[in-house]
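Hi,

Here is the structure I promised to pass on.

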Amino acid sequence: GELPAAIEQRIERLAGRLDGLIDEPAHPSLIHGDLWTGNLLTRGDRVVALIDPAVHYAHPESELAMTTLFGTFGRAFFEHYAELVPLAPDFARRRRDLYNLVPLLVHLRLFGRSYLPSIERTLVQLGF
């Protein structure tokens with residue numbers, strides 16, 4: 001009941017075009033699934049633990065996208081990652097937002113309508 005019908009229709013149109021927006025990875029990766037700064041425990045400048053896992057196999061970009069949703073690991077993290085595994089050219093421009101739409105919808109369901117503006121912005125950025 002939190003998702004207005006007009007936004008639901010836009011999401012349906014987006015879902016119908018997913019094949020043209022993302023692709024299957026050559027090899028799915030085992031990912032944490034809820035990786036953001038709030039789920040990192042640090043001591044000084046070292047990560048000492050990851051908490052609150054939602055472990056599953058997925059495109060590694062989905063994990064990277066999640067790191068940008070509520071806080072990021074910063075430019076240095078992404079630059080170093082891209083040295084090891086090049087990012088798709090449209091990751092930062094489009095695919096990141098597409099992957100983040102799912103957790104935004106989950107947060108809408110769990111925590112209420114305060115997530116609607118973020119969902120709306122994401123749909124606009126994706127052209128829907």
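This is a predicted model: local features need pLDDT of at least 70, side-chain atom pairs count only at pLDDT 80 or more; totals for chains, interfaces and linings use all residues.

Helix α3 itself spans residues 60-69 and is mostly covered, with 7 of its 10 residues buried. The buried ones are E61, S62, E63, L64, A65, M66 and T67. What lies over them includes the strands β1 (29-31) and β4 (56-58), together with helices α4 (75-84) and α5.

Helix α5 covers residues 91-111, and L101 is found in it. Is L101 buried or exposed? Its relative accessible area is 5%, below the 20% cut-off, so L101 counts as buried. Leaving aside residues up to four places away in sequence, L101 touches L14, I119, T122 and L123.

Helix α1 (residues 5-15) packs with helix α6 (residues 116-125) at an angle of about 40°, and their axes are 11 Å apart. That angle makes α1 oblique to α6, and α1 passes α6 in a left-handed crossing. On the α1 side, the contact is made by I7, R10, I11 and L14; α6 contributes L116, I119, E120, L123 and V124. Sorted by class, this contact has 7 nonpolar residues, 2 charged ones and no polar ones.

Happy to talk any of this through.

Best wishes

Technical notes
Residues are numbered from 1 along each chain as its sequence is written. Side-chain values use heavy atoms; hydrogens and water are left out. Axes are lines fitted to C-alpha atoms, for helices over the stretch in contact, and angles run from 0 to 180 degrees between N-to-C directions. Helices (H or I, at least four residues) and strands (E, at least two) are DSSP runs, numbered from the N terminus. Angles under 35 degrees count as roughly parallel, over 145 as roughly antiparallel, 65 to 115 as roughly perpendicular and the rest as oblique. A crossing is left-handed if the near helix is turned anticlockwise from the far one by less than a right angle, and right-handed if clockwise. Contact means heavy atoms within 4.5 Å. Ala, Val, Leu, Ile, Met, Phe, Trp, Tyr, Cys and Pro count as nonpolar, Asp, Glu, Lys and Arg as charged, and the others, Gly among them, as polar. Buried means under 20% relative accessible area, exposed over 50%, partly exposed in between (1.4 Å probe, protein chains only).
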